[in-house]
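Welcome! Here is a friendly walk through a protein model, taken one region at a time.

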Amino acid sequence: MPPLAVPNGFRQAKGGDSNIVTVNVGGQIFQTTKQTLTLAGAKSLFSRVSESDSVPFIDRDPELFSIILSLLRTGNLPSKAKAFDLQDLISESQFYGVETLILNSLSNPSQFDAFNLEKSLILPLNGRDSPSAISTTPFGSVHVAHGSKITSFDWSLRRKSTILTQFPAVDSLLSISPSVAAAGATDFSGLQILDLENGSVKESLNWENVTKSSSTVQAIGSSPEFLFASFESGRRNSNSILVYDLQTLNSVMEIGHNEIYGAQIDSAIPASKLSWVSSYSLLMASGSHSGIQGVLGNVKFWDIRSGSAVWELKEKVDCFSDVTVSDNLSGIFKVGVNSSEVSFADLRKMGAEDPWLCLGDKRKAVNGKKEGVGCKIESHGNQVFCSKGGDLELWSEVLMGSSKKSKDGLDDRVFRKNLMGRVKDMGGSKVTNLGFGGNKMFVTRKDQQYVEVWQSSARVF
């Protein structure tokens with residue numbers, strides 16, 4: 001007779017088996033293996049428990065301990081964990097030194113499900129100011145600028161803290177870590193590196209422009225190695241992008257320096273959005289300007305090693321209201337300020353003079369009305385998210401079995417649109433910011449003093 005198959009996690013206990021660990025938690029006996037306890041890491045309390053020769057006693061809640069032990073065994077919280085308050089589980093995990101395991105179970109970026117997002121939570125903000133900028137960290141903590149304040153929520157969204165900055169209003173915000181952020185304003189000089197735990201300024205960075213006037217921040221971006229800041233002089237006659245070492249904050253390069261003379265409109269446009277494209281090692285800088293000729297803009301891709309622009313797109317007809325770049329989709333996406341249509345440019349065709357392909361139905365602006373004003377567009381993973389008023393669209397690429405080839409030999413690409421959320425989630429005030437962190441999407445709206453949290457219904461704790 002063949003031997004029985006042994007399932008994962010099962011082992012036969014033998015008398016005096018040195019691999020079995022017994023622990024007394026709050027008067028209740030638990031048994032597990034040393035292999036399970038080692039999954040908690042060398043710095044955890046479980047590491048010391050596994051090395052004990054006796055039966056250790058831990059004066060903690062045994063029901064919460066059973067949840068933590070299940071998390072160690074499987075890597076996921078059991079369904080019965082929903083009967084407990086999340087903050088109690090977090091506090092218990094911190095005691096045992098395994099908070100990272102709960103974070104991975106509840107807020108892992110791999111759990112982000114774009115097609116199953118729904119509004120699940122509202123994060124209220126103090127004061128009367130609406131959010132002007134948001135920034136997230138990979139595992140879901142979020143920083144929100146509203147007026148002169150920055151409010152931070154930890155990854156669980158249960159812990160909240162607010163600091164007051166020197167800015168009249170924060171316009172640009174970038175998370176450097178869960179407790180450190182870079183902030184700037186269009187009407188206050190300098191880029192500030194802020195310690196969000198105690199509200200102090202760690203460092204203030206400035207651009208020394210030719211006119212020796214103040215330098216205001218128009219945008220902030222980053223790569224794994226560098227911090228980028230778009231500056232404009234206080235007299236608005238020069239602009240530049242500075243590159244800083246992210247660790248030392250020393251300035252290492254200046255790119256895109258423009259001194260503006262007369263009616264040089266193109267040079268007058270500072271970058272108002274900075275995005276790093278890691279697969280190409282390029283920095284995308286985009287900006288637009290509204291004048292008597294309508295809305296004009298440009299998108300430039302900078303090689304920061306040489307300091308030169310390798311591709312420039314000048315926007316004159318249906319200039320972007322907002323633009324984003326997707327590394328995963330190898331493309332640029334914009335929403336037109338006149339038409340409100342989403343268009344796509346393939347990064348594989350970098351250098352093309354007219355690369356834009358309209359993904360919508362090519363509607364024309366009615367009576368010259370700019371239908372796309374205020375629309376936002378952001379990419380995350382393999383999807384692109386676009387706001388139209390109070391609604392949200394989700395654009396995804398459709399993989400074709402036998403794609404047609406374009407003249408340059410590349411496959412033609414097809415994108416499709418889906419409306420997001422349940423019926424009751426749709427509409428409302430105009431969307432002003434979109435952010436992504438962990439398995440969540442964060443949304444802010446005009447004249448609203450809160451942040452919406454969208455996530456998969458299966459992941460709501």
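The report below goes from the overall picture to the helices and cores, and then to the strands.

**Before we start**

This is a predicted model, in which local features need pLDDT of at least 70, side-chain atom pairs count only at pLDDT 80 or more, and totals for chains, interfaces and linings use all residues. Residues are numbered from 1 along each chain as its sequence is written, and side-chain values use heavy atoms, with hydrogens and water left out.

**The overall picture**

The protein holds five helices and 31 strands. Both kinds of element are DSSP runs numbered from the N terminus, with helices being H or I runs of at least four residues and strands being E runs of at least two. Of its 461 residues, 49% count as buried. Here, buried means under 20% relative accessible area, exposed means over 50%, and partly exposed lies in between, using a 1.4 Å probe and protein chains only. Among contacts between residues at least 6 apart in sequence, 50% join residues at least 24 apart; a contact means heavy atoms within 4.5 Å.

**The cores**

A nonpolar core is a set of buried Ala, Val, Leu, Ile, Met, Phe, Trp, Tyr and Cys residues joined through side-chain atoms within 4.5 Å. The largest one has 28 residues, of which F46, F65 and Y96 touch the most other members. At least two residues of this core come from each of β1 (20-25), α2 (45-50), α3 (62-74), α4 (86-96) and α5 (99-106). The biggest contributor is α3, with seven residues. Leaving aside residues up to four places away in sequence, F65 touches V23, V25, F30, F46 and Y96. A second, separate core has 17 residues, including V277, M284, L313 and L347.

**How the helices pack**

Two packed helices are described by the angle between their axes and the distance between the axes. Axes are lines fitted to C-alpha atoms, for helices over the stretch in contact, and angles run from 0 to 180 degrees between N-to-C directions. Angles under 35 degrees count as roughly parallel, over 145 as roughly antiparallel, 65 to 115 as roughly perpendicular, and the rest as oblique.

The axes of α4 and α5 come within 7 Å and cross at roughly 140°, so these helices are oblique to each other. On the α4 side the contact uses L86, L89, I90, S93 and Q94, and on the α5 side E99, I102 and L106. By class, that gives five nonpolar, two polar and one charged residues. In this scheme Ala, Val, Leu, Ile, Met, Phe, Trp, Tyr, Cys and Pro are nonpolar, Asp, Glu, Lys and Arg are charged, and the others, Gly among them, are polar.

For α3 and α4, the angle is about 75° and the axes are 10 Å apart, so this pair is roughly perpendicular. L64, F65, I67 and I68 of α3 meet D88, L89, E92, S93 and Y96 of α4. Six of these residues are nonpolar, one is polar and two are charged.

**The strands**

Strands of a sheet pair through backbone hydrogen bonds, either parallel or antiparallel. Two strands are said to pair if DSSP finds at least two bridges between them.

Even so, six of the seven residues of β21 are buried, so the strand is largely enclosed by the rest of the structure. V323 stands opposite K334 in β22, while the partner of S343 is C358 in β24.

Strand β15 (residues 238-245) is also largely enclosed, because seven of its eight residues are buried. F228 has V243 of β15 as its bridge partner, and Y244 stands opposite S251 in β16.

Another open sheet of four strands runs β25-β26-β27-β28, again with antiparallel pairing. Its edge strands are β25 (377-380) and β28 (414-419), each pairing on one side only. From one strand to the next, the twist averages 25°.

| Strand pair | Bridges |
|---|---|
| β21 and β22 | six bridges |
| β23 and β24 | two bridges |
| β14 and β15 | seven bridges |
| β15 and β16 | six bridges |
| β25 and β26 | four bridges |
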